[in-house]
Amino acid sequence: MKQAGESGPELGGAGSITLPNSSTTLSVEEYASQPTDQTRTGFPKQGGQSLSYWLQQVRSDPLLDHRTTEALPDDADTVIIGSGITGTLAAREHLSIWPDKSVVVLEAREFCSGATGRNAGHCKPDQWRGFGKFEKVYGKEQAIKILNNEADTWHALISYVRENNVDCDLWVGDTMDVPIDDKVARLSKEIFDRYEEAGGRIDHVKVTQDPVEAARITRIKDAKACYAWQASTLQPWKLTAHIMRGNVETGANLQTYTVAKSVTKSAGGRRRWTVHTKRGDIACDNVIHATNAYSAALEPALEGVITPKPHICTKVVPPRAVSGSRAIRNSYGVLLPDGGLCSINSRCNADGNVLFGGSNPGQQALDDWVAKHPENCINDGLADVKGVTDCVRHFINGNFVGWDDAEYGPGEGIQYSWSGIIGLSVDGVPLVGELPGKPGQWICAGHHGHGMARAFTAAPGLVKLMSGQTWESVGLPDVYQIAAGRLEKLKKATASRVATI
């Protein structure tokens with residue numbers, strides 16, 4: 001398999017873009033993550049998982065362990081595996097198109113307790129940064145289409161929240177991409193300029209190239225530039241729960257704590273597939289794989305194509321000196337040297353806690369540790385990882401104006417970090433469509449740590465494909481489409497060894 005920075009058109013797994021004659025890299029994914037050099041997979045961890053900040057807030061919500069029927073149905077028109085944002089949106093679209101068809105949603109643990117319930121709380125459409133990578137791999141037209149789709153996804157999400165008055169702490173405001181290194185700033189400008197020259201939409205992006213002005217705007221001391229555009233933060237579990245409650249009210253059957261173990265052809269009868277779970281089997285005509293990082297555990301053809309890996313998010317309570325009217329009021333993607341990314345959600349319209357995600361050097365060290373201990377690839381029981389926490393503390397003290405000399409009282413500062421499992425696709429974009437050679441099995445997975453900026457169009461789009469609509473009419477980027485040729489190409493890019501947990 002090619003290493004980071006060596007990607008070419010034949011693979012498409014580049015995680016960063018470099019300038020000629022320079023080793024400087026620019027993160028192009030929300031979590032700046034790379035596929036691993038070995039194939040590995042596993043089922044969701046049963047017991048001992050960390051409790052995310054979002055899940056801590058809803059411990060008395062009965063949807064967590066909801067089962068619409070006491071017994072597991074033995075028959076359904078469609079079974080959706082996974083109750084995160086993808087599975088929940090797919091169920092909603094299914095009920096809209098076929099209100100009389102039966103839908104069963106299986107969740108291995110608590111409702112929405114996977115990546116959606118563990119992320120950093122962003123819906124941040126990439127509006128320029130990924131262009132360099134995607135142009136290199138897929139060409140100018142598809143690169144622009146990917147970024148336009150992320151903007152469409154964001155608009156779809158905020159429209160749904162506003163139209164349905166969803167209580168999910170939605171914030172809409174300027175997100176800021178901030179390079180804090182001269183070489184990264186130079187590379188950022190080159191990619192942005194190339195995107196503009198290619199015809200990309202940039203009128204809504206406010207660009208500041210003067211470092212003094214960028215530092216003033218961003219309140220980040222070492223800012224070399226600033227790229228700002230509209231994005232959102234939110235409470236992702238509450239949004240997903242709102243949608244699922246509507247699904248249940250209109251006929252969906254949600255079954256939590258029900259681990260799907262395999263999918264096989266039905267031995268007889270009128271249904272095509274049988275989903276085998278620890279609580280029994282369900283015969284169905286259609287299966288939607290909405291399991292993201294865990295997809296290869298159920299579908300061997302995806303081994304090495306979608307790989308699970310833990311990422312850490314850290315909750316910080318601002319000290320009093322930078323609270324109230326002096327609180328941070330934006331979200332950030334801070335572009336670090338060597339391809340690192342510090343993702344920051346200030347929750348400025350809610351409780352004011354600041355959430356740090358992304359791929360700082362501590363996260364990169366954790367990635368190295370997981371590579372040596374692959375049994376931890378699905379370990380979302382990791383919490384308070386010292387290396388990650390130390391990097392967050394170092395960033396705060398070195399970069400946030402007013403934080404370095406602030407006095408921290410009890411209950412302020414770094415409080416807690418938790419882990420979530422992201423699904424890395426080899427080529428950095430999701431796989432959407434019908435599984436090759438398996439009519440009636442469908443997938444929307446491999447979001448590469450960036451699912452909130454893709455799911456609100458990708459999941460409904462998948463169900464529209466199920467209804468017979470063409471790919472062109474659905475409007476998703478062509479490179480998202482799963483096909484035998486794409487799978488074969490991606491499989492060749494992975495190692496042959498598979499570690500199943």
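Axes here are lines fitted to C-alpha atoms, for helices over the stretch in contact, and angles run from 0 to 180 degrees between N-to-C directions. The model on display is predicted.

**The whole chain**

With the view turned to the principal axes, the C-alpha atoms fill a box of roughly 70 × 50 × 45 Å.

Next, colour the residues by relative accessibility. Of the 501 residues, 63% are buried. If contacts are drawn for pairs with a separation of 6 or more, 78% of them join residues 24 or more positions apart.

**Helices 9 and 10**

Select residues 361–372, which form helix 9, together with residues 386–399, which form helix 10. The two helices pack with their axes 7 Å apart, at an angle of about 165 degrees. Angles over 145 degrees count as roughly antiparallel, and helix 9 and helix 10 are therefore roughly antiparallel to each other. The crossing of helix 9 with helix 10 is right-handed.

Now show the residues where the pair meets. Helix 9 contributes Pro361, Gly362 and Gln363, and these meet Gly387, Val388 and Cys391 of helix 10. By class, the residues of this contact comprise three nonpolar, three polar and no charged.

Most residues other than glycine have a negative phi. The last two stops depart from that pattern.

Move to Cys112, in the loop that links strand 5 (103–106) to strand 6 (122–123). Although Cys112 is not a glycine, its phi is positive, at about 50 degrees. Is Cys112 buried or exposed? The cut-off for buried is under 20% relative accessible area; Cys112 has 1% relative accessibility and so counts as buried.

Finally, select Asp338, in the loop between strand 15 (331–335) and strand 16 (341–345). Asp338 also has a positive phi, near 60 degrees, in a residue other than glycine. Where Cys112 counts as buried, Asp338 counts as exposed because its relative accessibility is 61%, and exposed means over 50%.

Terms used. Residues are numbered from 1 along each chain as its sequence is written. This is a predicted model: local features need pLDDT of at least 70, side-chain atom pairs count only at pLDDT 80 or more; totals for chains, interfaces and linings use all residues. Side-chain values use heavy atoms; hydrogens and water are left out. Helices (H or I, at least four residues) and strands (E, at least two) are DSSP runs, numbered from the N terminus. Angles under 35 degrees count as roughly parallel, over 145 as roughly antiparallel, 65 to 115 as roughly perpendicular and the rest as oblique. A crossing is left-handed if the near helix is turned anticlockwise from the far one by less than a right angle, and right-handed if clockwise. Contact means heavy atoms within 4.5 Å. Ala, Val, Leu, Ile, Met, Phe, Trp, Tyr, Cys and Pro count as nonpolar, Asp, Glu, Lys and Arg as charged, and the others, Gly among them, as polar. Buried means under 20% relative accessible area, exposed over 50%, partly exposed in between (1.4 Å probe, protein chains only).
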